[in-house]
Amino acid sequence: MTKFENNIFEKTFTVEYNNSGLKGILTNKGFLFMFEQIANAHSAYTKFSFNDLIDKNLSWILLNWKLKVISRPIRNNKVTIKTWISYYNHIFTLREYEMYDDQNNLCAIAESKFCLIDLTKSKIARLPENLGTIYRNL
């Protein structure tokens, strides 16, 4: 299920084997992988994804993550992830995430920082002035 409402993009995922550890518990790497998946889905939804930017010789680049784990879902369980753009300027954008388990309990919150890179010049590209309009939330 995918939904975009009140400027928040939401999607339901299943915790997969490759995102869980030996005891079937979602790993930190698994959290970040799933957050990256929803960021890509949100960007594709708004037509500002890797695939949409490549013709302009641009690509998103991840600068850093902040992750706070509250509880860890287990393999094969459904989780709902919400994401939105919380801030941007001409250099970078901040994206927020929340993950909920199948009982609607908050499992984790995260923040990522992205910028655009010009692939031909190998340097950071200026973000468009209308990024808030593109993502419909600022």
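**Exposure, salt bridges and a pocket**

Biologist: Why is Arg 126 called exposed?

Modeller: In this predicted model, Arg 126 has a relative accessible area of 56%, and because exposed means over 50%, the residue falls in that class.

Biologist: What makes Glu 129 count as exposed?

Modeller: The relative accessibility of Glu 129 is 65%, and since the cut-off for exposed is over 50%, Glu 129 belongs to that class as well. Glu 129 also forms a salt bridge with Arg 126, in which the closest N and O atoms are 3.8 Å apart.

Biologist: How do you know that Lys 66 and Glu 111 meet in a salt bridge?

Modeller: The N to O distance between their side chains is 3.8 Å, and because a side-chain nitrogen of Lys within 4 Å of a carboxyl oxygen of Glu meets the criterion, the pair is counted as a salt bridge. Lys 66 lies in strand β3 and Glu 111 in strand β6 (residues 106-118), so the pair ties together parts that are 45 residues apart in sequence. Lys 66 itself counts as exposed, at 52% relative accessibility.

Biologist: Which residue forms a salt bridge with Lys 82?

Modeller: The partner of Lys 82 is Glu 10, with the closest N and O atoms 4.0 Å apart. This pair links distant parts of the chain, Lys 82 being in strand β4 and Glu 10 in strand β2 (residues 8-14), 72 residues apart. In total, the structure holds 3 salt bridges.

Biologist: Why is Glu 10 called buried, and why is Lys 82 called partly exposed?

Modeller: Buried means under 20% relative accessible area, so Glu 10, at 11%, is buried. Lys 82 has 24%, and because partly exposed covers values between the buried limit of 20% and the exposed limit of 50%, Lys 82 is placed in that middle class.

Biologist: What makes Ile 70 partly exposed?

Modeller: Its relative accessible area is 47%, and since exposed requires over 50% and buried under 20%, Ile 70 is partly exposed. Ile 70 sits in the loop between β3 (58-69) and β4 (78-88), and together with Leu 106 and Ile 109 makes a nonpolar surface patch of about 220 Å².

Biologist: How many residues of each class are in the lining of the largest pocket?

Modeller: The lining has 7 nonpolar, 3 polar and 2 charged residues, including Phe 50, Trp 60, Glu 36 and Arg 95. The largest share, 4 residues, comes from α1, and the pocket contains about 160 Å³ of space.

Methods. Residues are numbered from 1 along each chain as its sequence is written. This is a predicted model: local features need pLDDT of at least 70, side-chain atom pairs count only at pLDDT 80 or more; totals for chains, interfaces and linings use all residues. Side-chain values use heavy atoms; hydrogens and water are left out. Patches are made of residues with over 30% relative accessible area and no salt bridge: like charges are joined within 9 Å, nonpolar side chains (Val, Leu, Ile, Met, Phe, Trp, Tyr) within 5 Å. Accessible areas come from the Shrake-Rupley method with a 1.4 Å probe; for residues, only the protein chains shown count as cover. Helices (H or I, at least four residues) and strands (E, at least two) are DSSP runs, numbered from the N terminus. Buried means under 20% relative accessible area, exposed over 50%, partly exposed in between (1.4 Å probe, protein chains only). On a 1 Å grid over the protein atoms alone, a cavity is a set of points where a 1.4 Å probe fits but cannot get out, and a pocket is an open set with protein on both sides within 12 Å along at least five of seven lines; lining residues have an atom within 4 Å of a point. Grid points are joined across faces, edges and corners, and a volume is the space filled by probe spheres set on the points. Ala, Val, Leu, Ile, Met, Phe, Trp, Tyr, Cys and Pro count as nonpolar, Asp, Glu, Lys and Arg as charged, and the others, Gly among them, as polar.
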